[in-house]
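Let's take a friendly tour of a structure made of helices, strands and the contacts between them. Have a look at the picture first, and then read on.

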Amino acid sequence: MSHILAAAGHGGTNTDFIAEETIFWILAIASVGAALAMILVRRAVHCALMLAVVMLSLATMYAMQGAPFLAFVQIIVYTGAVLMLFLFVLMLIGISSADSIVETIKGQRMAAGLAAAGLFVILILGIGHASIGPAAPVSAANGAGNLSGLATLIFTTYVFPFEVTGALLITAALGAMVLAHRELTAPKLTQRDLAARRLASGQLAPDPSPGVYALHDAADRPALLPDGSTSELSVSPTLAPRDPGDEPRVVRHGERAAVTADGEERAGSPAYPAGRDAP
Amino acid sequence: MSPVHYVVLSVILFVIGGTGVLVRRNAIVVFMCIELMLNACNLAFVAFARMHGNLDGQVIAFFVMVVAAAEVVVGLAILMAIFRARRSASVDDANLLKY
């Protein structure tokens with residue numbers, strides 16, 4: 001791959017041209033397909049994966065265009081940091097949050113499609129009117145090397161925007177800290193308060209461990225009670241609503257272990273099992 | 001490879017991203033579509049930089065990346081604050097200013 005990229009980079013001969021063209025079309029089809037899939041799939045995690053495909057395709061294109069620094073920044077900052085941040089927040093907010101199909105504004109999708117088509121036509125017409133010349137050879141810009149050239153520009157011509165960028169990043173970090181900070185509205189519970197609450201709750205012992213006396217000892221297997229029924233207290237409540245498409249794994253208190261609750265019933269039940277204090 | 005190809009590809013990606021912003025209702029997905037639009041702009045910048053044979057376009061693309069990173073950090077923090085208050089990440093549910 002690096003050989004091909006290097007060849008395309010310093011290109012001029014016919015084979016290099018063919019290599020760049022081939023890679024471009026593969027990447028173009030992949031990125032447009034992934035972008036379309038991104039706005040069509042319903043689950044947010046799949047959107048993030050599609051976005052990763054687009055970003056990696058664009059990184060390869062930057063490398064082909066004689067921008068190796070930007071290619072690596074794209075992979076490290078975008079695919080590495082920004083996309084991981086997206087996934088992180090996605091996991092915090094709830095991985096099962098899928099978009100609903102119902103349109104809240106009537107005809108919104110049709111209007112959006114029309115607006116997109118109009119924007120596309122306008123932009124393509126603008127490009128058609130512009131005089132876009134042939135590409136200069138990659139070596140024209142990268143005379144002293146891509147990195148040294150960029151560094152020279154950033155620290156001479158663009159030094160003021162660069163400093164402003166630093167201020168922006170600091171402001172963003174402060175803003176994120178302020179926004180993500182949760183104010184403590186109630187006094188913090190002491191150990192004495194916790195002990196009193198536990199005594200008042202009526203359950204002194206900890207919850208049973210999952211998998212006790214059951215066939216499997218996985219964390220999502222409820223423990224068996226002496227009468228053969230299962231205890232949903234033994235399974236962490238976060239395991240139950242995690243995958244709504246799957247057959248529910250947590251069997252309700254009092255049912256036989258062999259019988260699984262049916263999906264309809266499970267979907268309507270609260271996120272926290274009855275008999276357990278919601279946090 | 002003519003820069004026109006790259007610019008047209010960037011237009012297509014930009015329009016797809018804009019459509020996503022208009023159509024999708026999960027706020028995180030809306031953010032991802034904005035990222036897609038910014039990436040499309042970067043592709044056009046890099047293509048123009050190559051066409052002109054200088055590095056200014058690449059520097060601008062670099063600045064766009066920095067601004068996008070800052071935007072994502074603040075945006076996701078706002079999103080988490082909204083989610084904490086309203087238990088929803090849908091842009092339809094944040095309608096307190098509507099009536």
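Predicted model: local features only at pLDDT ≥ 70, side-chain atom pairs only at ≥ 80, totals over all residues.

Helices here are DSSP runs of H or I with at least four residues, strands are DSSP runs of E with at least two, and both are numbered from the N terminus. Residues are numbered from 1 along each chain as its sequence is written, and chains are lettered from A and ligands numbered from 1 in the order in which they are written.

**Chain A as a whole**

- Chain A has ten helices and two strands.
- Along the sequence, these elements of chain A come in the pattern α-α-α-α-α-α-α-α-α-β-β-α.
- Of the 279 residues in chain A, 23% are buried; a residue counts as buried if 20 or more other C-beta atoms lie within 10 Å of its own, as exposed if 12 or fewer do, and as partly exposed in between, with C-beta atoms placed from the backbone.
- Two residues are in contact if their C-beta atoms, placed from the backbone, lie within 7 Å. Among the contacts in chain A with a separation of 6 or more, 43% are between residues 24 or more positions apart.

**Chain B as a whole**

- Chain B has three helices and zero strands, and its elements run α-α-α from the N terminus on.
- The radius of gyration of chain B is 17 Å, whereas a compact globule of 99 residues would have one near 13 Å. This radius is taken over C-alpha atoms, and the globule rule is 2.2 Å times the number of residues to the power 0.38.
- Taken along the principal axes, the C-alpha atoms of chain B fill a box of roughly 50 × 25 × 20 Å.
- Buried residues account for 55% of the 99 residues in chain B.
- For contacts in chain B between residues at least 6 apart in sequence, 49% join residues at least 24 apart.

**Helix α3 of chain B**

- Helix α3 of chain B covers residues 56–86, and its 31 residues should span 45 Å at 1.5 Å a residue; the end C-alpha atoms are 44 Å apart, which agrees. The expected span is 1.5 Å times one less than the number of residues.
- B:Arg87 follows α3(B) and has a positive phi, near 60 degrees.
- B:Val67 and B:Leu38 are 29 residues apart in sequence, and their C-alpha atoms are 9.7 Å apart in space.

**Helices packing within chain A**

- Two packed helices are described by the angle between their axes and the distance between the axes. Axes are lines fitted to C-alpha atoms, for helices over the stretch in contact, and angles run from 0 to 180 degrees between N-to-C directions.
- Helix α3 (residues 44–64) and helix α4 (residues 68–93) of chain A pack at about 175 degrees, with axes 8 Å apart.
- That angle makes α3(A) roughly antiparallel to α4(A); angles over 145 degrees count as roughly antiparallel, under 35 as roughly parallel, 65 to 115 as roughly perpendicular and the rest as oblique.
- Among the residues making this contact are A:Leu51 and A:Met55 of α3(A), and A:Ile75 and A:Phe86 of α4(A).
- The contact of α3(A) with α4(A) has 20 nonpolar, two polar and no charged residues. Ala, Val, Leu, Ile, Met, Phe, Trp, Tyr, Cys and Pro count as nonpolar, Asp, Glu, Lys and Arg as charged, and the others, Gly among them, as polar.

**Where the chains meet**

- In total, 68 residues of chain A are in contact with 62 residues of chain B.
- Elements of chain A that each supply at least two residues to this side include α2 (14–40), α5 (108–129) and α8 (159–180).
- The side of chain A that touches chain B has 54 nonpolar, ten polar and four charged residues.
- The axes of α7(A) and α3(B) come within 10 Å and cross at roughly 70 degrees, which means that α7(A) is roughly perpendicular to α3(B).
- Here A:Leu150, A:Leu153 and A:Ile154 meet B:Asp56, B:Gln58 and B:Val59.
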